[in-house]
Amino acid sequence: MQATVFRCPNCGAELHFAPPGVSVPAGVRPGCPYDGLSYAELRAGHDAIYFGPWRKIEASPFEVRRAYQQFRRHFDAIAKALAVQDLPAARRDLALAMEAYHGVDPTAISGNDLRLLDNALSFIHRVIDDLLHEKGLPPHRPMDFAEWYDAVEVPFRDAW
Ligand SMILES: [Zn+2]
């Protein structure tokens, strides 16, 4: 099935959509599920990594290194959002995420590196939830957005 990739101009989400048998008319953009949500950019950045090919069992070293770069950009966005907040718990979670991330050797990816990246992603999720909680909002649930990603190959390597 041919999946079309669409980058949302508002939050930067890279969304995959492949409407069965439906061709999208030229000039018509699909709606972005994050638009209008608080921290849309952070949610989209998290989910792009969460649903990324690096988490599949048969991920290639190239896919893992690409995820490694995605993490770096995502950390920048999160640090920016946190800079204007006084949220010690979120800062601690971000520090833990970066600690895990910095333990990764992108030149020689091993199972341990994948585990560290997975840990980093979990801590990032907690930071986003901390930010949402501060606004009185419910936690971010990636699975609510699964249909927008090329995530047909689930289950991910969830059991360590
Ligand atoms: Zn968007």
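This is a predicted model: local features need pLDDT of at least 70, side-chain atom pairs count only at pLDDT 80 or more; totals for chains, interfaces and linings use all residues.

Biologist: Let us begin with the layout. Which secondary structure elements does the chain contain, and in what order do they run?

Modeller: The general idea is to list the elements and then follow them from the N terminus. Here the chain has four helices and two strands, and the elements run β-β-α-α-α-α.

Biologist: How much of the chain is buried, and what share of the contacts is made by residues 24 or more positions apart?

Modeller: Of the 160 residues in the chain, buried residues make up 29%. Among the contacts with a separation of 6 or more, 60% are between residues 24 or more positions apart.

Biologist: How should I read a pair of helices, for instance α3 and α4?

Modeller: One takes the angle between the axes and their distance, then the handedness of the crossing, and finally the residues in contact. Helix α3 covers residues 88–102 and helix α4 residues 111–134; they pack at about 165° with their axes 8 Å apart. An angle over 145 degrees counts as roughly antiparallel, and α3 is therefore roughly antiparallel to α4. The crossing of this pair is left-handed.

Biologist: Which residues make the contact between α3 and α4?

Modeller: On α3 they are Ala-89, Ala-90, Asp-93, Leu-94, Leu-96, Ala-97, Ala-100 and Tyr-101. On α4 they are Leu-116, Asn-119, Ala-120, Phe-123, Ile-124, Arg-126, Val-127, Asp-130 and Leu-131. By class, the residues of this contact divide into 13 nonpolar, one polar and three charged.

Biologist: And how are α1 and α2 arranged relative to each other?

Modeller: Helix α1 (residues 40–50) and helix α2 (residues 61–83) have axes that come within 10 Å and cross at roughly 160°. These two helices are therefore roughly antiparallel to each other, and their crossing is left-handed. From α1, the contact draws on Glu-41, Leu-42, Gly-45, His-46, Ala-48 and Ile-49. From α2, it draws on Ala-67, Gln-70, Phe-71, His-74, Ala-77, Ile-78 and Ala-81. The contact residues comprise eight nonpolar, four polar and one charged.

Biologist: Are α2 and α4 roughly parallel or roughly antiparallel?

Modeller: Their axes come within 11 Å and cross at roughly 25°. Angles under 35 degrees count as roughly parallel, so α2 is roughly parallel to α4. This crossing, too, is left-handed. In α2, Val-64, Ala-67, Phe-71, His-74, Ile-78, Ala-81 and Leu-82 meet Leu-114, Leu-117, Ala-120, Ile-124, Val-127 and Leu-131 in α4. The contact of α2 with α4 consists of 12 nonpolar residues, one polar and no charged.

Biologist: How does one read the nonpolar core, and which of its residues touch the most other members?

Modeller: The largest nonpolar core has 34 residues, of which Ala-13, Ala-97, Ala-120, Ile-124 and Val-127 touch the most other members. Two or more residues come from each of α1, α2, α3 and α4. The largest share, seven residues, comes from α4.

Biologist: What does Ile-124 touch?

Modeller: Leaving out residues up to four places away in sequence, Ile-124 touches His-46, His-74, Ile-78 and Ala-97.

Biologist: How many residues of α1 are buried, and what covers them?

Modeller: Eight of the 11 residues of α1 are buried, and the helix is mostly covered. The buried ones are Leu-42, Arg-43, Ala-44, Gly-45, His-46, Asp-47, Ile-49 and Tyr-50. What covers them includes α2 and α4.

Note on methods:
Residues are numbered from 1 along each chain as its sequence is written. Axes are lines fitted to C-alpha atoms, for helices over the stretch in contact, and angles run from 0 to 180 degrees between N-to-C directions. Angles under 35 degrees count as roughly parallel, over 145 as roughly antiparallel, 65 to 115 as roughly perpendicular and the rest as oblique. A crossing is left-handed if the near helix is turned anticlockwise from the far one by less than a right angle, and right-handed if clockwise. Two residues are in contact if their C-beta atoms, placed from the backbone, lie within 7 Å. Ala, Val, Leu, Ile, Met, Phe, Trp, Tyr, Cys and Pro count as nonpolar, Asp, Glu, Lys and Arg as charged, and the others, Gly among them, as polar. A nonpolar core is a set of buried Ala, Val, Leu, Ile, Met, Phe, Trp, Tyr and Cys residues joined through C-beta atoms within 7 Å. A residue is buried if 20 or more other C-beta atoms lie within 10 Å of its own, exposed if 12 or fewer, and partly exposed in between; C-beta atoms are placed from the backbone.
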